[in-house]
Protein chains: 10
Amino acid sequence: MLKNIPSILSPELLKILMEMGHGDEIVIADGNFPAASLAQRLVRLDGHGAVGVLEAVLKLMPLDIYVEKPAALMQVVAGDTVETPIWDEYASIIKTSGEKFDGFEHIDRFDFYDRAKEAYAVVATGEKALYANIILKKGVVA
Amino acid sequence: MLKNIPSILSPELLKILMEMGHGDEIVIADGNFPAASLAQRLVRLDGHGAVGVLEAVLKLMPLDIYVEKPAALMQVVAGDTVETPIWDEYASIIKTSGEKFDGFEHIDRFDFYDRAKEAYAVVATGEKALYANIILKKGVVA
Amino acid sequence: MLKNIPSILSPELLKILMEMGHGDEIVIADGNFPAASLAQRLVRLDGHGAVGVLEAVLKLMPLDIYVEKPAALMQVVAGDTVETPIWDEYASIIKTSGEKFDGFEHIDRFDFYDRAKEAYAVVATGEKALYANIILKKGVVA
Amino acid sequence: MLKNIPSILSPELLKILMEMGHGDEIVIADGNFPAASLAQRLVRLDGHGAVGVLEAVLKLMPLDIYVEKPAALMQVVAGDTVETPIWDEYASIIKTSGEKFDGFEHIDRFDFYDRAKEAYAVVATGEKALYANIILKKGVVA
Amino acid sequence: MLKNIPSILSPELLKILMEMGHGDEIVIADGNFPAASLAQRLVRLDGHGAVGVLEAVLKLMPLDIYVEKPAALMQVVAGDTVETPIWDEYASIIKTSGEKFDGFEHIDRFDFYDRAKEAYAVVATGEKALYANIILKKGVVA
Amino acid sequence: MLKNIPSILSPELLKILMEMGHGDEIVIADGNFPAASLAQRLVRLDGHGAVGVLEAVLKLMPLDIYVEKPAALMQVVAGDTVETPIWDEYASIIKTSGEKFDGFEHIDRFDFYDRAKEAYAVVATGEKALYANIILKKGVVA
Amino acid sequence: MLKNIPSILSPELLKILMEMGHGDEIVIADGNFPAASLAQRLVRLDGHGAVGVLEAVLKLMPLDIYVEKPAALMQVVAGDTVETPIWDEYASIIKTSGEKFDGFEHIDRFDFYDRAKEAYAVVATGEKALYANIILKKGVVA
Amino acid sequence: MLKNIPSILSPELLKILMEMGHGDEIVIADGNFPAASLAQRLVRLDGHGAVGVLEAVLKLMPLDIYVEKPAALMQVVAGDTVETPIWDEYASIIKTSGEKFDGFEHIDRFDFYDRAKEAYAVVATGEKALYANIILKKGVVA
Amino acid sequence: MLKNIPSILSPELLKILMEMGHGDEIVIADGNFPAASLAQRLVRLDGHGAVGVLEAVLKLMPLDIYVEKPAALMQVVAGDTVETPIWDEYASIIKTSGEKFDGFEHIDRFDFYDRAKEAYAVVATGEKALYANIILKKGVVA
Amino acid sequence: MLKNIPSILSPELLKILMEMGHGDEIVIADGNFPAASLAQRLVRLDGHGAVGVLEAVLKLMPLDIYVEKPAALMQVVAGDTVETPIWDEYASIIKTSGEKFDGFEHIDRFDFYDRAKEAYAVVATGEKALYANIILKKGVVA
């Protein structure tokens, strides 16, 4: 633990956030996401909700303003009737963080998997809400 | 995640608990414990309290009945006036778990470090309470 | 060994089952399957029958309800007259496990190999029955 | 699997038996033995009884005739009233194997641990009987 | 060394033969074969003739009866006048081993290289005869 | 780079500072220190002065208040007439950081080396001042 | 540190410069460049400006005279109004170094990324100026 | 060092020459060749001329007589006026070695790079002559 | 294989012989020697007799003339009545090799093991003769 | 190769010289020195004389002025009548290098071995002169 660093961030995750550059992406994945099979670099935060992780990450990492929507969600699969109230929480956290926010990009499930494969890292949380996966694109640090 | 396995346990921790045998010890360490410098095998559970981790571990791992006190705490350093209410929570969780409990062994800070070096694994939690480190000795699975 | 965990599961296999996410696949392979040459992650359970392994795996891992048939078998090669009574045992175990079951998907031998290459893991049992290989797709843990 | 090789032996175990030379020792450990913390080379045979493993090992590996008692057991700890009928089964298997047998060496629990640390390998079975650990010293292959 | 195992087989080779499954191939290569550059898994048996190695391998490994010709040779390159009497020795050993034998498959030099790249392992012998390379496809162990 | 993290800290150094616990030590070494031969974990910050590194580290890491002097310097070797004005800069930075400061511990050159061997990490700067090595003992994060 | 070697160069970077041959490329990247995700070999020089690094590199490494423009810059993205005064500093340093200089090659952002992937190494500086990334192609050492 | 082995050959290079089989290639590269970026296996012989290395290699390694020209040179790039007297030395050494020699194959610079990528090994000498790179194809050892 | 190098020597063994310096020792071990448990570097030559290996080694490696007896044998254990005719073969080969020979040093079995642990390498042959282990001390190459 | 760096120095050796700090030692060893068995870090410069290596090293690395004799030689073994003219060459090179020189420290053969084990690195040259081993202690870079 360190002064002024959210204690939910592991040393490895902090290192990864710092290594990432402009345009690199990180996935905050829910507990059912196939994180281990897709991730180039896997950070496990078992037992944690995704909201707390998102909030901590945005304390340190800016979002990319060179694209319109630097945060992306996995679309609900056709026929699935599950609700996704966690998306509103995500929107609220991003707005509060001071980063620019114009709504989310929405990506089909299997396209989301492909993009996760290209991401710099995947954070495997224990989030139990479904469709709670979110991709963040890192911006420039002034 | 799996059915009937507490989701706070990481895959690596579950593997380690299963690998341990009769008499092997595991340390559940608070957020200020020098876990990385002492551990033979380090499992990070950043951001989690130690109580929840202890509870989850005891769902799966029996304590050793071949010794009198299979759970050990780090003594408060002489001169330190901090209170340790978390010890009562630990006692309560062990009793509730169904494992035999006759009070804790108490170990001096630097002796505790030496024993942690010999332990099979150290779990680094984000517990903020001081003196919240606990060593568990694994028992026989019938 | 741990309380409430089938002892036929190795620590490594338990870790792998826990790491797998929604849609990831695992192959339970018979003793003649070319497991070592195909597997991305290989778990050996030499000397065990596949039925016991399947039963233990389903105690912990749900099957995917987003596909019609989350369990797949290798078809008997044309011209081969061998019987496959073990398939009935498999069906019976899946039904007993409480997972939804609408029959197996059947896959040609070499297509089965290709799919095994993409699977998260292959468990090499010592099962002596022929065509006793089965692929399981992991579902969502509620 | 191979012709004429007991299928309970894993490829790794077979390799280890073959690498061992005159005087090297192997431990066949029960399911509660702290195998992972003591072993220089660990072979897991989860879910198997120790009797079947012993029988298979002795099909291939001769015992040392340069010492009086090339097979050693862990003594029952003072005060423990458990019975050890598995020892008779071990004796019977050794006699049947054709190896010379003049009774077991008996070793105190913690001395047994020390000797396991020096052994070439430890085989972790899932044997549920207590005090079912046995050390074998390899002999000369003529 | 072990009882009943040909001593020409190294521990590593024995492990590899045991890991191989139905349809996996192994190349027994002569001393001039580019084994190190092609092999996925390389076993060196420097100084040994290929005939002794073939004989030992077939004591343990069955050939595939699902293909017509489970043993393949490298064709003599056009224009090369070398004789290949070792092929007759190979045929004789296979027949003696009890495995079914209907003649060899013959493969062009560079196609042979490609197939060696896909083989589970290559055994580099010190065989001095030219064109003494042979591919064996493993069968089912009953 | 990240928001609010001094950019002189490398991702690896940040990870190490976070991994360290109560009582773990880190050495900020000058450019002539035998860092690579002594360090358990080596972080290179070639070309940087030690003052800037110290200042950045203390932004994140508290000093230990369980010992009297949590910062230690290497004594000037007897007979060496070099001045050490950098020590005053160090004192000033520590005071400014808000950490408690009661003067430095002074350690003989070779004792300093021994203690560096036990430290969690050594940061190799390019500091050109002589005797500019400093050991910091990490305190508790509230 | 060594005599006559700029102290800003790390041992690893010096080794890499020496390993590079005619035509190999190295990227000196600014602090926002996605260096860790693109680099085949990553050298971190956190906290340093790119100008000092460029100057030090050119003390040791000649530029390629077999191509017209052995130094390449990342073009400003369309719509971005940022100024790039650092380019003039780069030009001045190259001219001063004694290497031939006929202006820079200019490369689109994503083409620059592709070329960085093929480069022998990427040096991640802490340069805060935007568009401060530069690729150098090594020449022949006479 | 060994009796009858040229002392310019490193242990690693000798091992590599011995591992190579019929048709495998080795590159003896001059000091400006991008050896580290192209080589599958890199052997450094810094500070040595290429002529001495070639002479030593041919003491042990035969050239391939199944191709017309088992030794290949990099062509001078169009427009480059450099002389290549070292080629005559190479020719003279090959003839003296007793290997068959019918002149060199000549390969364009970038094709030469592609072929070096496929070679079994590249030896990086410190040869200062330009265009002093040579590829050798290993022949059959009788 | 190479010209003028005995083909019984593996590439790895040749490399090891070359790496060894004045006073380094190598053990040529029989098939029952516990080579894998004692060796710092293990070279397997399964299936070969020790005589052929000794002969090949002495073609390349000189013996140490700074000690009286640079070749050592394992003494027959007291009570063992086995004959050791292979020692005469060893003596004959050493004399023929041109190396100075004044008889063997004889070492007790367990002292021999200790010395094997310190040796640079152990060659595990398949030699079936008992007490056929021999230690060679490398001399100076002129 | 780089501008102004002696080409006899390998990239690895240059990196090692740069990593070394005040008081670290490097051994330049002759061709018969048991370098591989003693070195913590081994740099091979096969085929080179030690004089050229010493000269190149001293171009970059200062000697320690905190000890009286920062260069040490291996004493001639009692009874050995070999001459050591190379020592005069060494003395001459050190004087020419501009480093302070007050004669060599002389160390017994086996004490020299012990000190080589503690050295930061050993450079294995192909020097054929006997007793040509030299230890250098690195000084401070101003």
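In the predicted model, a salt bridge links G:Glu99 to J:Lys3, with the closest N and O atoms 3.0 Å apart. The count of salt bridges between chain J and chain G is two. Polar contacts between these chains involve ten residue pairs, in each of which both residues have pLDDT 80 or more.

Two helices of chain J, α1 (11-19) and α3 (50-60), each contribute at least two residues to the side that touches chain G. The greatest contribution to this side of chain J comes from α1(J), which provides seven residues. Classified by residue type, the side of chain J that touches chain G comprises 14 nonpolar, three polar and seven charged residues.

The size of an interface is often expressed as the accessible area lost when the parts come together. Between them, chain J and chain G bury about 2000 Å², and carbon and sulfur atoms account for 69% of this area. Of the area that chain J buries against chain G, 39% is supplied by J:Leu2, J:Lys3 and J:Met18, more than by any other three residues. In terms of residue numbers, the contact draws 24 residues from chain J and 24 residues from chain G.

Chain D and chain F are not joined by any contact, and their closest C-alpha atoms lie 23 Å apart. Likewise, no contact joins chain A and chain J, for which the closest C-alpha atoms are separated by 24 Å.

Key
Residues are numbered from 1 along each chain as its sequence is written. Chains are lettered from A and ligands numbered from 1 in the order in which they are written. This is a predicted model: local features need pLDDT of at least 70, side-chain atom pairs count only at pLDDT 80 or more; totals for chains, interfaces and linings use all residues. Side-chain values use heavy atoms; hydrogens and water are left out. Contact means heavy atoms within 4.5 Å. Buried area is the accessible area (1.4 Å probe) that two parts lose on being put together, summed over both. A salt bridge is a side-chain nitrogen of Lys or Arg within 4 Å of a carboxyl oxygen of Asp or Glu. A polar contact is a pair of N or O atoms within 3.5 Å; within protein, one must be able to donate a hydrogen and the other to accept it, and residues adjacent in sequence count only if both atoms are side-chain atoms. Helices (H or I, at least four residues) and strands (E, at least two) are DSSP runs, numbered from the N terminus. Ala, Val, Leu, Ile, Met, Phe, Trp, Tyr, Cys and Pro count as nonpolar, Asp, Glu, Lys and Arg as charged, and the others, Gly among them, as polar.
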